[in-house]
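My notes follow in the order I took them.

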Amino acid sequence: MSGLRVNTLRGASTGTSPTFPDGVIVSGVTTSTSFSGNLTGNVTGNVTGNITGTTGTFTGNVSVGGTLTYEDVTNVDSVGVITARSGIRIGAGQSVSAVSGIVTYYGDGSQLTGVESGVSNFVASGNIANGQTVVIKTDGTVGIVTGVSVTQSVGSPVVFESASGPADYMASIYDSTTNKVVLAYMDAGNSNYGTAIIGTVNGTSISFGSPVVFESATTTYIGMGYDSGNQRVVIGYQDGGQSDHGTVIVGTVSGTSISFGTANKFYGATSKWFDVVYDSGNQRVVVCFTEGNSNGRAVVGTVDPSDNSITFGSTQAFDGNQCDEISAVYDVAHAKTVIVYKDTGDSSVGKAVVGTVDPSNNSITFGSDVTFQNSAIFYNDVTYDSANEKIVIAYRDNNNSSHGTAIVGTVSGTSISFGTKVVFEAAETNFIGATYDSVNGKVIISYSDNGNSNYGTVISGTVSGTSISFDSPLVYESSYSKVNRIVYDTNSEKAVIAYGDNGNSDYGTAIVYSPGGSSTNLTTENYIGIAAESISNGATGKVNILGGVNSGQTGLTTAKTYYVQKTGSLATSADSPSVVAGTSISSTKILIR
């Protein structure tokens, strides 16, 4: 019946399924065990049981309290966790399979083609080629590692003492805590008193504070070292006010000045040719010296920074002959003190000996001495090449027309062996000093060149294996220069040469030397990885970072650690600074680490 309104329909009460013609309108509650056919209109209330159909359209929200299982969903807006049994497919052909756990992503997702580990996007500052090493800049962009060649140069000389004393006895060290250069010398303008002064390098120049007297008596044969563990300067010297006995004093640098504790007369006999080194492995100071005209000796001391005092163990002889021109250095890699000297009791030949410190009783023991020059030497000095873990001795070879000569030593156990000596100045060479440039990996030697009017001259050398090669020399002072004490300032990346300027009344003078080599934008902190693709200036591109594998290399040796060089290239030996690029896993691939 058309237009029939039935308030209540209970088909189950008659046992048959009622049939209505078109147009039947049902209002109220309809209860049925099944329903077949189309239902048009609004359904209000709860549906109990299963709903089965081929299609369904909802223009509003659908809330499901349980689990919704569906094979093809166009849009999903879930407030809970989505579990995908066979993976998640994002767009045509883009899939993330075997999903487990939680995936969190923030951003607009534009151009998202997959998820890669060890890869990140950065904006390029300058063009970057695929496979180039990159650093991150302070503005968050990345650029390639670059090295720039630097020509060696010197600044202007600065007088620190208007007297001739420094031309006779002087020592220098670098205080790595305060980034200051410390000079100790005999001040002939003040009764030959032992005096110290603090220098600050600024660019290519150096400025000094006021001189401080540490010994009010004639002070000679000065040697000095820096106890980096206690941040103290340690000076050893012959004390003319104490019958020329061996004395040590400890100082603290503050600003442009230095203060001292009480002097310790540690050896009750005439002592000379002092040098002081710090054994960083055992945190002890080693004082080396000659007992009068007798044997070479050493003693181990412990600094007390609370009052700038020092206590010593027993002295130990390292050579029974008279030993002059003593210089010493600490070999960090082998944890040994190496003492170099002219054995005056044995035709003044050049010798070296290796010492081992026992901190339990402040003692030192020595291996057998080794001759590195079987003829007379003079003006020797020694330095330690930390990159190559070698000892380098510079000296005047009297058996070869007094030419300036260098030799490389390798410590093994309690002994030392040497390579072939190399001439760095083919003329009589005097007043030699040596230091190590840890930034450029260079040994720097200063000296007076008798073949050029005794002008103050400096030269840099590079150790390779058990030999050393040298660059061209540079004149730093066009007058007769005496003493030539040189030290490297790691903060300014410059060397400071202190000398007596004979062209200016032998006044104590210092000059800043800028070593040649290359500068770089690479540091131990800013290297982040290798470009995974070519990136144009200002564009965003991929960089392989920690844990990523870069495939843009050639000629690698598999299973080797590679280091970033100053120029941005890769090599199996460390440059300065030492920055690990990663481990090669094939000739073309490197794992970033």
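How many bridges join strand β44 to strand β45, and do they run parallel or antiparallel? I found three bridges between β44 (residues 579-584) and β45 (residues 590-592), with the two strands antiparallel. I keep in mind that this is a predicted model. Across this pair, I see Ser584 opposite Ile590 of β45.

Next I looked up the sheet around them. It is an open sheet of five strands, ordered β41-β45-β44-β42-β43, and the pairing is antiparallel.

Then I turned to strand β21 (residues 295-304). I noted that eight of its 10 residues are buried, so I put it down as mostly covered.

Which strands pair with β21? I started with β20 (residues 284-291), which pairs with β21 in the antiparallel sense over six bridges. Here Thr290 has Gly296 of β21 as its bridge partner. The two strands form a hairpin with three residues between them, and Gly292 in the turn has a positive phi of about 50°.

I then checked β23 (residues 316-331), which is antiparallel to β21 over four bridges. Gly296 turns up again here, with Asp319 in β23 as its bridge partner.

My last entry is β22 (residues 309-312), also antiparallel to β21, over four bridges. Val303 stands opposite Ile310 of β22. This hairpin has four residues between the strands, and Asn308 takes a positive phi near 55°.

Definitions and conventions. Residues are numbered from 1 along each chain as its sequence is written. This is a predicted model: local features need pLDDT of at least 70, side-chain atom pairs count only at pLDDT 80 or more; totals for chains, interfaces and linings use all residues. Side-chain values use heavy atoms; hydrogens and water are left out. Buried means under 20% relative accessible area, exposed over 50%, partly exposed in between (1.4 Å probe, protein chains only). Two strands pair if DSSP finds at least two bridges between them.
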